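Hi,

Here is the structure I promised to pass on.

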Amino acid sequence: MAQGPFARGLKTVALAAAVFSFAQNIAVAAEPTFNNPLVKHRADPQVALHGDGYYYYTATVPEYDRIEIRRARSLNDLGAAEAKVVWRKHARGEMGAHIWAPEMHHIDGKWYIYFTAGRSDAVWEIRLYVLENASANPLEGEWKELGQLKTGWESFALDATTFALDGKRYLAWTQRGQDSKIHATNIYLAQMDTPWSITGPAVLLSKPDYAWEKVKHEVNEAPAVIVRNGRVFMTYSASATDANYALGLLTAPVGANLLDAASWKKSPVPVFASSEKNSQYGPGHNSFTTTPDGKTDILVYHARNFRDIVGEPLKDTNRHTRAQVLHWNKDGTPDFGVPVAD
């Protein structure tokens with residue numbers, strides 16, 4: 001029996017719907033998955049996909065005494081990759097304790113590592129420092145100490161990161177303010193004139209304002225930046241480093257004056273927090289990378305797979321590096337979801 005135009009139209013719509021559904025299923029199936037945890041006993045992870053096709057990885061080691069670099073073609077291979085020690089703490093004095101949160105960036109043909117260190121004789125005099133390597137392969141060549149990265153005042157400072165936008169390079173970091181009576185840590189931003197120095201005054205972007213940022217300790221720390229969809233998104237971590245640790249989010253439009261605090265909007269709620277269902281606790285201190293083709297954004301972070309910690313959380317070595325796909329909402333904002341199960 002011949003079909004009328006209406007019946008043929010229905011078949012066309014049904015076929016189009018089936019094709020769309022099939023394409024969606026393929027897209028979901030193609031989404032990368034990760035063998036979490038990627039690297040055990042490594043907190044504060046930073047991963048960068050370089051032009052040579054390698055993922056370069058560094059993180060805080062549990063002994064707080066050295067800086068390691070790994071590289072692999074796949075994120076899933078980082079755990080088995082050789083950990084090359086490129087620098088060790090000093091036996092005495094400056095840079096002699098609490099070697100934390102290294103980040104490695106390739107700038108103007110050279111590699112730089114930004115890291116945190118205390119003094120052997122005053123371990124909580126935490127400051128920012130920089131290493132430089134001119135070798136094409138950062139696992140080779142010499143890492144030279146460039147000394148302290150001065151921020152404009154002396155106080156507890158850590159977790160530096162850098163990013164470039166519209167021909168300008170910026171440094172974002174964590175520091176206590178200039179009022180020594182206030183022990184909260186804040187997020188600051190400044191423009192850089194060299195890869196190891198800032199120019200102009202530091203701008204306060206965020207301080208612990210909300211209750212979820214003040215659990216046990218008043219903390220905003222560990223900024224990380226991703227630029228997408230006409231906006232600059234800066235994550236940061238808040239509260240104590242136990243199950244209360246969570247990610248917050250600052251947002252500014254591309255083209256705005258990033259050194260004007262009024263350009264930034266702060267989320268009143270955490271955007272990434274512990275998941276009881278998936279047994280993931282205290283996710284935070286993240287970095288961003290992509291799949292090798294650059295088409296899919298990936299969130300790299302640390303978390304524990306248990307809630308209750310015996311003793312001081314800072315001495316617990318079970319913060320492991322993890323990764324998952326970062327999705328995007330229709331309005332162009334990031335959808336962090338929840339930490340995925342191991």
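Below is what turned up, going from the whole chain down to one residue.

First, a caveat: this is a predicted model. As for what it is built from, the protein has 21 strands and 1 helix.

Of the 342 residues, 51% are buried. The protein exposes about 16000 Å², with 53% of that supplied by carbon and sulfur atoms. It carries 36 positive and 37 negative side chains, and the centres of these two sets are 3 Å apart.

How does the chain meet itself? Taking contacts between residues at least 6 apart in sequence, 49% join residues that are at least 24 apart.

Now for the one residue I looked at, Leu 205, which you'll find in strand β12, residues 197-206. Is Leu 205 buried or exposed? Its relative accessible area is 11%, and buried means under 20%, so Leu 205 counts as buried. Setting aside neighbours within four places in sequence, Leu 205 has contacts that include Ile 187, Tyr 188 and Leu 189, as well as Met 234, Leu 250, Leu 258, Ala 261 and Trp 264. Ser 239 is 34 residues away from Leu 205 along the chain, and their C-alpha atoms are separated by 17 Å.

Cheers

Notes:
Residues are numbered from 1 along each chain as its sequence is written. This is a predicted model: local features need pLDDT of at least 70, side-chain atom pairs count only at pLDDT 80 or more; totals for chains, interfaces and linings use all residues. Side-chain values use heavy atoms; hydrogens and water are left out. Helices (H or I, at least four residues) and strands (E, at least two) are DSSP runs, numbered from the N terminus. Buried means under 20% relative accessible area, exposed over 50%, partly exposed in between (1.4 Å probe, protein chains only). Contact means heavy atoms within 4.5 Å. Accessible areas come from the Shrake-Rupley method with a 1.4 Å probe; for residues, only the protein chains shown count as cover. Lys and Arg count as positive and Asp and Glu as negative; His and the chain ends are not counted. The place of a charge is taken as NZ of Lys, CZ of Arg, CG of Asp or CD of Glu.
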